[in-house]
Amino acid sequence: MATGAEFSPALRGALGSTAGYLGDLLQGEMGTTTLGGETLRPRPMTEVIAERIPRSLGLLGASLLFAALVGVALGIWAARSSSRRSLGILTATLVGVSVPSFFIAFLLQWLVIMLTQKTGRTLVPVGGFGWNQRMLLPMLVLAARPIAQITRITFSTIRGAYEQDYVRTASGKGLGGRRILSVHVLRNAAIPILAIIGISLVYALSSLPVVELYFGWSGAGFTLLKSIARQDTNATVSLALCLGLLFIFINLVLDLSYRLIDPRLSGTPEHIAQAERGGLLKRLR
């Protein structure tokens, strides 16, 4: 319907094009597009995906890694600090949760431009693609909300772990604070932290097209918005499919990592397994 057609003809055309697209996809054919090149010459969609997806993966990976390191460190610091300092850190995280990505991008660009005018030196580039200082600003924008979320979850999880009996027992045995944190507390708190990292991926992926367009980072999100603007349906569907599969793959890796961290999750408890078998037998009957 985005092309201006009425619902009924749009539905018929969509069903036919979907069937054709899936048939071509099974043969490894994703069509062509005029996006991603310096000219309007059609290029295979596979070439565009192979060129643009790694750019977005690199930016996403750097952002989530930075967010995880900073968020976990801030959460641990807040959990082991005084109440006043903890309150200050958690209050600051509200900014990262509440402020939209495009506004954070505007503030960072404005700050860099003001500092450049005062110092007479270009601190960091404010746009463009490159595996150098150009990725610093978009990385910080994508990491802002994940840092806030990871900090809050890490704080609550670590603070709750320190109140458990096994931590008191380890402390009573004379273990040092660092050893208690690394051996006992962090391992039990790792699953909620990994879960919030997976949830943060949702927000990072949803913000990715806007951030890439704002900073001129020619990745999959940038190309996706360009394809929507040009009504390039083939490129839009292909890029959305790739981003969706990327999200599913990362969540699958996180789910598998839960079982490696906590052996209790590697198998199904017996009472649950019996209930599932009983429910299956009832449904078969």
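Biologist: Does R52 count as buried or exposed, judged by its relative accessibility?

Modeller: R52 counts as buried, at 8% relative accessibility, where buried means under 20% relative accessible area, exposed over 50% and partly exposed in between (1.4 Å probe, protein chains only). This is a predicted model, in which local features need pLDDT of at least 70 and side-chain atom pairs count only at pLDDT 80 or more, while totals for chains, interfaces and linings use all residues. Residues are numbered from 1 along each chain as its sequence is written, and side-chain values use heavy atoms, with hydrogens and water left out.

Biologist: With which side chain does R52 meet in a salt bridge?

Modeller: Side chains of opposite charge can pair when their charged atoms come close. Here R52 meets E51 at 2.9 Å, N to O, a salt bridge being a side-chain nitrogen of Lys or Arg within 4 Å of a carboxyl oxygen of Asp or Glu. E51 is partly exposed, with a relative accessible area of 26%, and it also forms a salt bridge with R55, the closest N and O atoms being 3.8 Å apart. R55 and E51 both lie in helix α2 (residues 45-79), 4 residues apart, about one turn of the helix, helices being DSSP runs of H or I of at least four residues, numbered from the N terminus. Salt bridges that share partners join R43, E47, E51, R52 and R55 into one network. Within it, R43 is buried at 13%, whereas E47 is partly exposed at 41%.

Biologist: Over which ring does the charged end of R55 sit?

Modeller: R55 sits over the ring of F129, 4.2 Å from its centre; the rule asks for NZ of Lys or CZ of Arg within 6 Å of the ring centre and within 35 degrees of the ring normal. R145 likewise lies over the face of Y203, at 4.0 Å from the ring centre.

Biologist: How many aromatic pairs are there by the ring rule?

Modeller: A pair of aromatic rings is described by the distance of the centres and the angle of the planes. The count comes to 5, with rings of Phe, Tyr and Trp (its six-membered ring) paired if their centres lie within 6.5 Å, and with planes under 30 degrees apart counted as stacked, over 60 as edge-to-face and the rest as tilted. Y214 and F215 form an edge-to-face pair, 5.4 Å centre to centre with 65° between the planes. Y214 is partly exposed at 32% relative accessibility, while F215 is buried at 2%. Ring pairs also link F129, W131 and W217 into a cluster.

Definitions and conventions
Helices (H or I, at least four residues) and strands (E, at least two) are DSSP runs, numbered from the N terminus.
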